[in-house]
Structures are given as structure tokens and as C-alpha cells.
Amino acid sequence: MNGPHDLGGQHGLGPVAPETDEPYFHAEWEKRALGVTLSCGAFGAWTIDESRHARESLPPATYLSASYYEIWARALETLLKRHGFLTQAELDAGHMLEKGAEPKRVLKAEMVAGVLAKGGPCDRPIATPPRFVVGERVRTKNFNPETHTRLPRYARAKTGVVEAVQGGFVFPDDNAHGKGENPQWVYTVVFDGGEIWGEGADPTLTISIDAWESYLEQA
Amino acid sequence: MSEHHHGHGHDHHDHDNHFTDMEARVKALETVLTEKGLIDPAAIDAIVETYETKVGPRNGARVVAKAWGDPQFAEWLKRDATAAIASLGFTGRQGEHMRAVFNTPDTHNLIVCTLCSCYPWAVLGLPPVWYKAPPYRSRAVIDPRGVLAEFGLELSAEKKIRVWDSTAELRYLVVPERPEGTEGFSEEQLAELVTRDSMIGTGLALSPEAAR
């Protein structure tokens, strides 16, 4: 979707403002937001792709003015309601009012180390050989789906070169919407800065994206 | 940020007994989920403790220091970063599929996630606020030199800049160039020179003088 999250190349968003000796958290609620988000991810009720889509579906003004933990917390409310674990009335009341959906798994303290160490690999075997080879010139597609995609707007309809074939990975454009993992080959595709930004681009700049095979066609 | 904030772990929430909107919102979430038996507050504590004390940029610094001192490890890291990094014990969430990219005299590498906040947690821990915020995500791809200048990093005009946008599940670690004057340093001494920002590409490794 052409949402507020797709930020590459936008102007006017201000200086980066790195913070010296930045603390891990800026408030207690951020710690809880991190822990609650990861704990609920362990339910197994949604995928990382669905959660990313929930975040980018926040209203643009909300998204752009929120810290990232706020984005997480707001998107988590959406996911929990969508999957029947709680209701808005319960969030408003701040207490349980009714029984909701049952998760596949509840993350207990003693499981945390194992779950974090295991992570969630999303590489998958692919039966067919990759369509593109290293060094091949490819063009990214021009599309504007209202649904989830990981092809940023700035890199659509651009010509680049395949630098690496990275393996088979779950296809987020489908997986975010419950259409299955449908894994595809992923390629690192590198573009000249001038191809992306045109006139005035930094001549020393190259940019790469990691692109699923269906984002690409032969140039 | 300033001495005013130092040691508090707080940004501008100085009134600890005064709930902000987000404090109330997250409190409601945690309370409802706990009452339903869907989350274990002790698990949240364990998650926070992991990223406050165990998983952070010291992990990545060890990877870089080993690569500087051990050409065979550097070669392995180039070829199969996930396995090479796992050999040091760093695995797991947001480090499942690692790639290491090496700075050279010709090329400086910079990592960004324009679409969200993808970051190699297993080697760098939780990302800093600026990495997840719109200014960095919007500008790193179009004006990397301007962004680097805000970190106090001025590269020569001829230096090539390669920006890696983490659009898929690969997570990137920059291996900065080894500083001069570090011959004979132990891995522990080398690791002291490797900053978090140098592994994102918004900084360089410290010189031995700067690290003192």
C-alpha cells in the first residue's frame, strides 16, 4: 500500500537528531509495549507480515507523529481485536469483560530465552530454479497495490542489476493477507542513484533493495 | 540527550505519577491481556532484561573485532554471515538471516529500512529511536551525505556510498574499516573501537586515541 510508512525520498521530515548515549527505553511504557508486542506475537495468530501491514495501515497523521513503540502498540490493538482476543470495550474499560479467542501458545517467562534465541526464520525451499542470475539487468514493476508490499515506491519501474540471489523467502504480499506463504526467490538488486533520483542525484550513490522475484522483470 | 535526562531513562515524562496517553493505553493492554491469561508479566520482564543486558551492540562489536583479526573468519562472514555470527553464539530474533557488508577504501556502506524498522537485533540489540523515525528513513536513501554530516561524518567526495534498504528479511551488519595504529591489539581491545553507529554505517570505528 502507498501508506505513510513508505518514506524513502520524502522531504520535509526534519533532521535525524541522533541522541548521545541514548537509553534503551525512554519511558517505562515502552518496555511494556515491547514485551506485550513480542508476547502476543508468540500466540501464533498472525504473521510478521500481517503485523507490519497493521502498522502501515494506521492513519498517516497518527503514524508520522508517533514513536515506533506507539506504532507497535496501536497496531497490536488492531491485531488483537481482529483476531478476537479482546474488544475495544475492554480496552476502554481497562479490564477483561468477556472471554475471547484462545491462542496456540502463551509465552511464559521460562520460555522467553528459547523463543528469542530461535527467532522466526522465513527462508523456504523453492522447487524451481531462480529466474534471474547475478549480473542480469532487471526492471522493477510499476504497481500500486492497496495491500501490503515490500517494493518501495521510489524503487518501482526502475532498472538495476542483480547482485545476489539470496534464497527463497515467504512472500509478504500474500502472507500479510492470509493467502499463504507462497515463497519466492529474493534478489539483491542494485540501482545507480541517478536511476532512482534523476537530476541532481549524488553520482557516488548506489542503492540496493531486496526484491522478491515477482517484483522483477527482464530489462 | 542532556544532563537533565541523564540517568532517568526518561524523555520528557518527568512526572512519574502522571500517566501519559501512551502509559494509560499500554497499561490497559497489559491489564486486559493479563486478566485473560494471555500474557505473563514476568515474560515481559524477561524480554526487557534480555535487550537491556544481554543482546546489544557489544555482540556486533565482537563479530567485527574477530573479522579484523582473523582473515579466515572474515572470509566466512562474507560468505555466510548467519553461520559465522552464530559460531560466536549470536542467533535468534531479527538475526535469522544475516549479511555482513565490508567498508573498503573506495566504498562506505549505510543501512536503512525505509519501510519499517528492520534492524539486526541479534548483533546490535534494539534500534535507536532515530533509526526508526521518519527523518532517517526518508533521507538515508536520497541524501546519505547530508545524513552522515548530522552524525559528524564527512566522507571524501570520491568515496562511493552504497545504501542497503532492508526491504526483505535479510539483516545487514556493516564491518567498518580497521583503524590505523591497532597492530597487535587483542580482539577485546579491537572490540572497544567498534561503535554501534559504525556497524550501521552512520559512523566509523574509533581510533585508539578517540577510544581513550
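A nonpolar core is a set of buried Ala, Val, Leu, Ile, Met, Phe, Trp, Tyr and Cys residues joined through C-beta atoms within 7 Å. In this predicted model, the largest such core holds 117 residues, and its members with the most contacts to other members are found in both chain A and chain B. The two chains also share an interface, in which 69 residues of chain B are in contact with 76 residues of chain A.

- The C-alpha atoms of chain A fill a box of roughly 55 × 45 × 35 Å along the principal axes.
- Of the 219 residues in chain A, 41% count as buried.
- Among chain A contacts between residues at least 6 apart in sequence, 65% link residues at least 24 apart.
- Chain B contains 12 helices and 4 strands, and its C-alpha trace spans about 55 × 35 × 35 Å along its principal axes.
- Of the 212 residues in chain B, 52% count as buried.
- For chain B, 70% of the contacts between residues at least 6 apart in sequence join residues at least 24 apart.

**The largest nonpolar core**

- In soluble globular proteins, nonpolar side chains tend to be buried together.
- The core members that touch the most other members are A:Val36, A:Leu76, A:Ala211, B:Ile47, B:Val64, B:Val163 and B:Leu173.
- Helix 4 of chain A, residues 68-82, gives the most to this core, with 8 residues.
- From chain B, the core draws at least three residues from each of domain 1 (21-50) and domain 2 (60-211).
- Beyond residues up to four places away in sequence, A:Leu76 touches A:Val36, A:Thr37, A:Cys40 and B:Leu29.

**Helix 1 and helix 4 of chain A**

- Helix 1 of chain A (residues 28-41) packs against helix 4 of chain A at an angle of about 35 degrees, and the two axes are 10 Å apart.
- The crossing of helix 1 of chain A past helix 4 of chain A is left-handed.
- Helix 1 of chain A contributes A:Glu30, A:Ala33, A:Leu34, A:Val36, A:Thr37 and A:Cys40 to the contact, while helix 4 of chain A contributes A:Tyr69, A:Trp72, A:Ala73, A:Leu76 and A:Leu80.
- By class, this contact has 9 nonpolar, 1 polar and 1 charged residues.

**The side of chain B that touches chain A**

- The interface joins 69 residues of chain B to 76 residues of chain A.
- On the chain B side, two or more residues come from each of helix 1 (21-35), helix 2 (41-54), helix 7 (129-132), helix 8 (134-139), helix 9 (144-150) and strand 3 (160-165) of chain B.
- Helix 1 of chain B provides the largest share of this side, 11 residues.
- The residues on this side of chain B divide into 35 nonpolar, 15 polar and 19 charged.

**A buried loop residue, B:Leu204**

- B:Leu204 is located in the loop between helix 11 (196-200) and helix 12 (208-211) of chain B.
- B:Leu204 counts as buried because 22 C-beta neighbours are found inside 10 Å, and the cut-off for a buried residue is 20 or more.
- Apart from neighbours within four places in sequence, B:Leu204 is in contact with B:Leu153, B:Pro176 and B:Ser198.
- B:Leu204 and B:Glu154 are separated by 50 residues in sequence and by 10 Å in space, C-alpha to C-alpha.

Terms used
Residues numbered from 1 in each chain as written. Chains lettered and ligands numbered in written order. Predicted model: local features only at pLDDT ≥ 70, side-chain atom pairs only at ≥ 80, totals over all residues. Buried ≥ 20, exposed ≤ 12 C-beta atoms within 10 Å, placed from the backbone. Domains from an automatic or database assignment. Contact = placed C-beta atoms within 7 Å. Axes fitted to C-alpha atoms, helices over the stretch in contact; angles between N-to-C directions. Left-handed = near helix turned anticlockwise from the far one by under 90°. Nonpolar A, V, L, I, M, F, W, Y, C, P; charged D, E, K, R; others polar.
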